[in-house]
Amino acid sequence: MLVKKNNLKGNIMENKTKKPSKKELLSIPNIMGYFRILLIPFFCYFYISGEWNVAAIILIISTITDFLDGQIARRCNMITNFGKILDPVADKFTHFAIALCLAFRYKLMAVLLILMVVKESYMAIMGIRSLRKDNKLSGAKWFGKVSTAVLFISLAYLVIFTDI
């Protein structure tokens, strides 16, 4: 965040990282993000136990909350810098957990897992580098949202239709 400071030489813009407030941390969209992260172990347990219908229901609930948290954040002006980090982290954890569970049934899914780890590691490094340079977070771009949706739909399809 840029903070204006007055001194003898005039106004200076200074970079200062602001800690998220309790209100920001506990906003409805962020609570929904925490909820999505909490659903992951339940999804994994039920999927690995062979209760694929329950796992699919958990996945559907996660998908609905993912959609709703973005809608609520935009429509109710609750977009926060913390939420800009939390939402994609919840997405990545969910995608990775789904792919990991699917790897127990589909051996070739290991290739997807490796690609995901490489891609996400690169994205994390570049994101940290960008934050250090610009000290700001930009929201997701349309192509990132489409990519996330296509990956999620593909993984969900493999979860829901178990007889493939």
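Visitor: At what angle do the axes of helix 3 and helix 6 cross?

Guide: Two numbers describe a pair of packed helices: the angle between their axes and the distance between those axes. In this predicted model, the axes of helix 3 (residues 52-75) and helix 6 (residues 142-160) cross at roughly 160° and come within 9 Å. Angles over 145 degrees count as roughly antiparallel, so helix 3 is roughly antiparallel to helix 6. Their crossing is left-handed.

Visitor: Which residues make the contact between helix 3 and helix 6?

Guide: Helix 3 contributes Trp 52, Ala 56, Leu 59, Thr 63 and Arg 74. From helix 6 come Lys 145, Phe 152, Ala 156, Val 159 and Ile 160. By kind, the residues of this contact are seven nonpolar, one polar and two charged.

Visitor: How do helix 2 and helix 3 cross, left-handed or right-handed?

Guide: The crossing of helix 2 with helix 3 is left-handed. The axes of helix 2 and helix 3 come within 9 Å, at a crossing angle of roughly 165°. Helix 2 and helix 3 are therefore roughly antiparallel. In their contact there are 18 nonpolar, three polar and three charged residues.

Visitor: What is the distance between the axes of helix 4 and helix 5?

Guide: The axes of helix 4 (residues 81-105) and helix 5 (residues 109-134) are 8 Å apart, and the two helices pack at about 155°. That angle makes helix 4 roughly antiparallel to helix 5. Here too the crossing is described as left-handed. On helix 4, the contact residues include His 95, Phe 96 and Leu 100; on helix 5, they include Met 109, Leu 113 and Glu 120. The contact of helix 4 with helix 5 divides into 11 nonpolar, one polar and three charged residues.

Visitor: Now side chains. How many aromatic pairs does a search of the whole structure find?

Guide: The search finds five aromatic pairs. Take Tyr 34 and Phe 82: their ring centres are 6.4 Å apart and their planes meet at 55°, so this pair is tilted. Tyr 34 belongs to helix 2 and Phe 82 to helix 4, 48 residues apart, and the pair thus links distant parts of the chain.

How values were computed. Residues numbered from 1 in each chain as written. Predicted model: local features only at pLDDT ≥ 70, side-chain atom pairs only at ≥ 80, totals over all residues. Heavy atoms only, no water. Axes fitted to C-alpha atoms, helices over the stretch in contact; angles between N-to-C directions. Helix = DSSP H or I, 4+ residues; strand = E, 2+ residues; numbered from the N terminus. Parallel < 35°, antiparallel > 145°, perpendicular 65-115°, else oblique. Left-handed = near helix turned anticlockwise from the far one by under 90°. Contact = heavy atoms within 4.5 Å. Nonpolar A, V, L, I, M, F, W, Y, C, P; charged D, E, K, R; others polar. Phe/Tyr/Trp six-rings, centres within 6.5 Å; stacked < 30°, edge-to-face > 60°.
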